[in-house]
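Here is a short report on one protein chain.

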Amino acid sequence: MTTIITYYSANGGTEFVAQKVAKELGLKKEHLLEHYQVTGSVLANCDTLIIGCSTWYVNELPPEITPVVDLIKSQPHQLKQIALFGTGNQTDYPYSFVNALGLLYQQLQPLGIDIIGLTSTRGYTFTNSLAVVNNTFVGLPIDEDTQSELTMPRIKTWVAQLKTEFNGAA
Ligand SMILES: Cc1cc2nc3c(=O)[nH]c(=O)nc-3n(C[C@H](O)[C@H](O)[C@H](O)COP(=O)(O)O)c2cc1C
């Protein structure tokens with residue numbers, strides 16, 4: 001089973017999280033890609049795609065992610081599973097905490113691909129988030145800005161969860 005992690009990071013936070021998730025999963029270096037490196041053949045050889053996305057705009061995805069989303073939409077049957085993580089800041093942006101995670105889910109959920117790695121909202125303090133669906137986050141939120149001490153425990157717990165949800169051997 002091949003797992004690929006893809007991310008874009010303007011300030012390094014999302015890249016840091018992507019690297020830690022890759023390490024916990026025991027992925028090889030070539031399985032950690034920035035969005036611009038994801039091609040049709042990468043997707044064709046990938047079972048599970050893990051997408052990392054920061055929130056910089058209240059109601060918009062970062063433009064860098066658009067080609068990846070378009071590629072997935074053009075060949076949705078290539079992927080067996082998707083998992084999402086989002087970086088954000090719940091203290092400075094409590095009304096749009098990790099909104100991009102939710103916006104990404106809105107784009108991908110209708111494609112019928114199994115989305116794994118949903119997590120509890122416990123331990124976060126925010127007012128509103130598009131990433132909450134049915135009282136559950138649609139992926140893993142990481143707040144490196146104000147809860148960095150929880151980053152590694154959250155990643156470790158999430159990776160252990162993903163391993164139980166993978167459709168096949170990890
Ligand atoms: C201009 C600006 C706007 C932001 N808007 C949000 C937001 O609406 N919601 C949120 O959760 N985080 C917001 N953040 C926090 C970033 O998502 C967070 O710092 C993230 O780790 C950045 O990822 P990066 O370091 O990979 O670029 C914002 C940060 C900046 C600088």
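A residue counts as buried if 20 or more other C-beta atoms, placed from the backbone, lie within 10 Å of its own, as exposed if 12 or fewer do, and as partly exposed in between. The model is predicted: local features need pLDDT of at least 70, side-chain atom pairs count only at pLDDT 80 or more, and totals for chains, interfaces and linings use all residues. Residues are numbered from 1 along each chain as its sequence is written.

The protein has five helices and nine strands. Helices (H or I, at least four residues) and strands (E, at least two) are DSSP runs, numbered from the N terminus. Of the 170 residues, 39% are buried. The C-alpha atoms fill a box of roughly 40 × 30 × 30 Å along the principal axes.

Helix α4 (residues 99-108) is mostly covered, with eight of its ten residues buried. These are Asn99, Ala100, Leu101, Gly102, Leu103, Leu104, Tyr105 and Leu108. Contact requires C-beta atoms, placed from the backbone, within 7 Å. The cover over the buried residues of α4 includes these elements:

| Element | Residues |
|---|---|
| β3 | 48-54 |
| α3 | 66-74 |
| β4 | 81-87 |
| β5 | 114-116 |
| β9 | 140-142 |

Strand β7 also belongs to that cover. An open antiparallel sheet holds three strands in the order β6-β8-β7. β6 (119-120) and β7 (132-133) each have a single partner strand, so one side of each lacks a neighbour in the sheet. Strands pair if DSSP finds at least two bridges between them. Two bridges join β7 to β8 (residues 136-137). Valine 133 has threonine 136 of β8 as its bridge partner.

Methods
Contact = placed C-beta atoms within 7 Å.
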